[in-house]
Amino acid sequence: MEQTCSERSESIRISAKNLGELALPKFCPRCFWIKLRCSHKLPFQIFPGIFSSIDSYTKKITNMHYEQHERVPDWFGGFGSLGKPMKVPHYSKFSVHEPKTNILLTGVPDEILYRPDDSYFIVDYKTSRFTATQDQLLPMYEVQLNAYAYIGKRVGFKPISGLGLIYYEPQTGISADEVDSFILDNGFSMHFSGKLLPIELKPDNIPVLLKRVREIYDLSQPPNQVEGCKDCQLLDTLLSIAG
Ligand code: SF4
């Protein structure tokens, strides 16, 4: 009888977003191998909490608006008729184990909307302007959202009929005659404007990427450095200092 991967290999757990790194134009297999072996817990990483606060605030706005008006806010309109925001499962429930590669793929979409046609639409938020840098990250986000679709279908959100990103762009332009409208007793307010980006639905690519994760993880030695990478040169310097 054929042996499954789960019977012969170490299990791997990877998030939808980290899987997306494979699609980046500057993808480095060595960095990915190191991150996989460290469960993506690297030293010297600081993630500012403000972004998750803004994400959570945005979800509250969307949900409260739906409760009051029975529709999502107008800025979602470019995605078509979206219907009702659903309770997004905890990441321990929104996951799928692939026996062929023995990989647990996890994720937490920002929004899952139940459409009037009985299908689901998955949205992820980015608190950022849609700049050239964000454009370069787009292949990673495309995989992230398609991994959500891949998981969603297997945990009961089916069919999935669409995916989209909303960039919440901070509106930092301000003129003297409008400043009073932003001033509060204990601080100030700032507006965010939603920019919509539909993402092509192609979750069938996910197993191919999971296979690539398994191949990289199973290498006994890290792959070679990318030539000219300044970060790796800095790491070499650090290691030589540490002796
Ligand atoms: S070459 Fe750059 S991207 Fe690759 S492992 Fe080194 S630091 Fe990471």
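Rings of Phe, Tyr and Trp (its six-membered ring) count as a pair if their centres lie within 6.5 Å; planes under 30 degrees apart are called stacked, over 60 edge-to-face, and the rest tilted. With that in hand, welcome to the close-up views. This is a predicted model, in which local features need pLDDT of at least 70 and side-chain atom pairs count only at pLDDT 80 or more, while totals for chains, interfaces and linings use all residues. Residues are numbered from 1 along each chain as its sequence is written, and side-chain values use heavy atoms, with hydrogens and water left out.

**View 1. A cluster of aromatic rings.**
Ring pairs join Phe94, Tyr114, Tyr120, Tyr148 and Phe157 into a cluster. Across the whole structure, a search finds ten aromatic pairs. One of them is formed by Tyr120 and Phe157, an edge-to-face pair with 5.2 Å from centre to centre and 90° between the planes. Tyr120 belongs to strand S6 and Phe157 to the loop between H5 and S7, so the pair ties together parts that are 37 residues apart in sequence. (Helices, H or I with at least four residues, and strands, E with at least two, are DSSP runs numbered from the N terminus.) Both Tyr120 and Phe157 are buried; buried means under 20% relative accessible area, exposed over 50%, and partly exposed in between, using a 1.4 Å probe and protein chains only.

**View 2. The ring pair of Phe130 and Tyr167.**
Here the ring centres of Phe130 and Tyr167 are 4.9 Å apart and the planes stand at 70°, so this pair is edge-to-face. It links distant parts of the chain, with Phe130 in the loop between S6 and H5 and Tyr167 in strand S7, 37 residues apart.

**View 3. Helix H3 and its buried face.**
Helix H3 covers residues 29–37, and Phe32, Trp33, Lys35 and Leu36 are buried in it. Looking down the axis of H3, these buried residues fall within an arc of 165°, so they line one face of the helix. The arc is taken from the directions that run from the helix axis to the C-beta atoms. What do the buried residues of H3 pack against? Their partners are strand S1 (12–15), helix H2 (16–20) and helix H6 (206–217), where contact means heavy atoms within 4.5 Å. Just after H3, Ser39 takes a positive phi of about 55°.

Lys158 and Pro159 are joined by a cis peptide bond, with omega about 0°. Pro159 sits in the loop between helix H5 (132–154) and strand S7 (160–171). Asn102 is not a glycine, yet has a positive phi of about 55°. Asn102 is in the loop between strand S3 (95–98) and strand S4 (103–106), and at 6% relative accessibility counts as buried. Asp118, also not a glycine, has a positive phi of about 75°. Its loop runs between strand S5 (111–114) and strand S6 (120–126), and Asp118 is partly exposed, with a relative accessible area of 46%.
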